[in-house]
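Trainee: Could we go through this structure together, starting with the sheet and then moving on to single residues?
Mentor: Gladly, let us look at it first.
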Amino acid sequence: MQIKSQIIQTIQERKQWCKDYPYDMISAYNREIETEKEYNGRQLLELLQNADDEKSDEVLIELDTKQNLLTISNRGENCKPFSYEGIRSLMISNLSSKTTKRFIGNKGLGFRSIINWSEQITINSNDMDVIFSKQIVDEIYDELFDIEMHNKLTLDRDKSSKLKQIPFLSIPKITDNKNNKWTTTVIISYKSNFLEDIQKQLSELKNEILLFLNSIKRLSVIVDNETMLDVKKDKLDEKYTIYQQRDKLPLDLWENEEEEYFDLKIALQKNLENDIDELFAYFPTKIDIKFPFIVHGTFELNSSRNEINDSPKNRFILKELVKLIVTTAKEITKQEASYKALEMLAYTHKNYILSKLDFYDNIDKAIQELEIFPCLDNTYKKQDKVIYIDELSIFTLKTNNNKIFPNLLIPNNSKINIDKYISSGSVENNDLNLLSKSITSIDDRVDLIYMFYNIFKHQDKLEFLIDKDIKIIALDDDVYTPSKYDFSIP
């Protein structure tokens, strides 16, 4: 088998490299340890990312606490087994097999994150097992270096040190083993003290992680033969609607003059309910964004993939995110103007990192400049073109007089505090008089006068009163009310 012979050849080359360049070996060992620390807490997500990158339709995660085994299996119609290039990229640090960089944010280092969990890692793919373990590389270290050389390599340490600084993934063993029904299976024989960490990460897996992945359509988690999670993407698609913007980055943001793209998605439920606060970059980060929808973007992340970097690319993408939110809000409310557009932009707290990247300033600017305020004429208008008097809006709708006040905001039945954005404003006397003249119902007139008394306290006098023939009394007419007493005129 060609792939097997290629790996065997690379094993021999890696042994020779360790022997010829022992200090480079130690440097690679230290880099491997640093990568472990950076990715700690995201190991399962990184393994899922690997499976998605290989176009897996289905992923199964199994935890056997009796045998200390964690197994991740994947398969699919277009699912690719582990290639020689993939195995080589594990053996040689900073040599990722992910050569395409169509979308920003891809790193390809996540597999190394599971090293600190592991006594042994076995990759079953291409009908063979590729086995990595500390025991294997320690034996090779002893084969390559005598005591004298070992002491030289540990010169800065205690000379009695037994630490063998050879990378865990640098040199594997290979045995033949059929794949059976899965394309690739990664078997981790984990250290007992990491069980709690593994269980915690399993418990934090959310159904919604399948929303933004490119390939995985089903994810199952089994712990000690009990199904803990079984989520299918088609069920999520019934619950959420995805709105997307996928485009090319501006030319001045490309690296090495290579085309780069960005991808933005927001996942929205009809009722605008959402209890997931994390910003997603395929998987959740540690950035709280708190909106009534889930946000995904191909952001540039730091090495831990938990935070986004302060970079021109991320600043650009966050501006585009504000635009996507606005266009999505208008799309879902195009039949009837509503506060959903404003509700989708409203925020109750600021994330420190996003604030540094001007995200909230861009939102405030959008609210100020864009037509997102819903008015009685069923259109959206700018912030400085609208009037907010909720009681008048309710009364105007009730009496079908929307045309009199086209720039009056619709009644606020949302969670938004409109006073934060709009001062009440004022209406013209002529418009109020027109409203009065249109009313034929005594009950409606009573409500109008009551509202005027309570809301328009500093307004000029208006033609609101009627005579016994239900005709409007002009302002320059004298008004007499019926007497409560009987009297005779002399």
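Trainee: What is the order of the strands in the open sheet?
Mentor: Please keep in mind that this is a predicted model. The open sheet has 8 strands in the order β5-β4-β3-β6-β2-β1-β7-β8, and the pairing is mixed. Its edge strands are β5 (173–176) and β8 (226–232), each of which pairs on one side only, and from one strand to the next the twist averages 15°.

Trainee: In which sense do β1 and β2 pair?
Mentor: Strand β1, residues 58–64, pairs with strand β2, residues 69–75, in the antiparallel sense over 7 bridges. As an example you can find on screen, Asp64 stands opposite Leu69 in β2.

Trainee: And β1 with β7, parallel or antiparallel?
Mentor: Those two strands pair in the parallel sense, over 6 bridges, and Leu60 has Ser220 in β7 as its bridge partner.

Trainee: Which strands does α1 lie across?
Mentor: Helix α1 lies across β4 (128–133) and β5, and it runs at about 160° to β5. Helix α7, residues 195–203, also packs on the sheet, where it touches β1, β2, β6 (184–190) and β7 (218–223), while its direction makes about 145° with that of β1.

Trainee: Changing topic, where does Lys15 lie?
Mentor: Lys15 lies in helix α1, which covers residues 2–20.

Trainee: Is Lys15 buried or exposed, and why?
Mentor: Lys15 counts as buried because its relative accessibility is 17%, and the cut-off for buried is under 20%. Leaving aside residues up to four places away in sequence, Lys15 touches Ile140, Glu143, Leu144 and Ile171.

Trainee: Now the surface: which residues form the nonpolar patch with about 280 Å² of accessible area?
Mentor: Ile442, Val446 and Ile470 form that patch, and the area of about 280 Å² is for these residues together. If you look for Ile470, you will find it in the segment after α15 (442–455).

Trainee: Why does Ile470 count as exposed?
Mentor: Ile470 counts as exposed because its relative accessibility is 52%, and the cut-off for exposed is over 50%.

Terms used
Residues numbered from 1 in each chain as written. Predicted model: local features only at pLDDT ≥ 70, side-chain atom pairs only at ≥ 80, totals over all residues. Heavy atoms only, no water. Patch = residues over 30% accessible without salt bridge, like charges linked within 9 Å, V, L, I, M, F, W, Y side chains within 5 Å. Areas by Shrake-Rupley, 256 points an atom, 1.4 Å probe, with all protein chains shown as cover. Salt bridge = Lys/Arg side-chain N within 4 Å of Asp/Glu carboxyl O. Helix = DSSP H or I, 4+ residues; strand = E, 2+ residues; numbered from the N terminus. Buried < 20%, exposed > 50% of the residue type's maximum accessible area, 1.4 Å probe, protein only. Contact = heavy atoms within 4.5 Å. Pairing = 2+ DSSP bridges. Axes fitted to C-alpha atoms, helices over the stretch in contact; angles between N-to-C directions.
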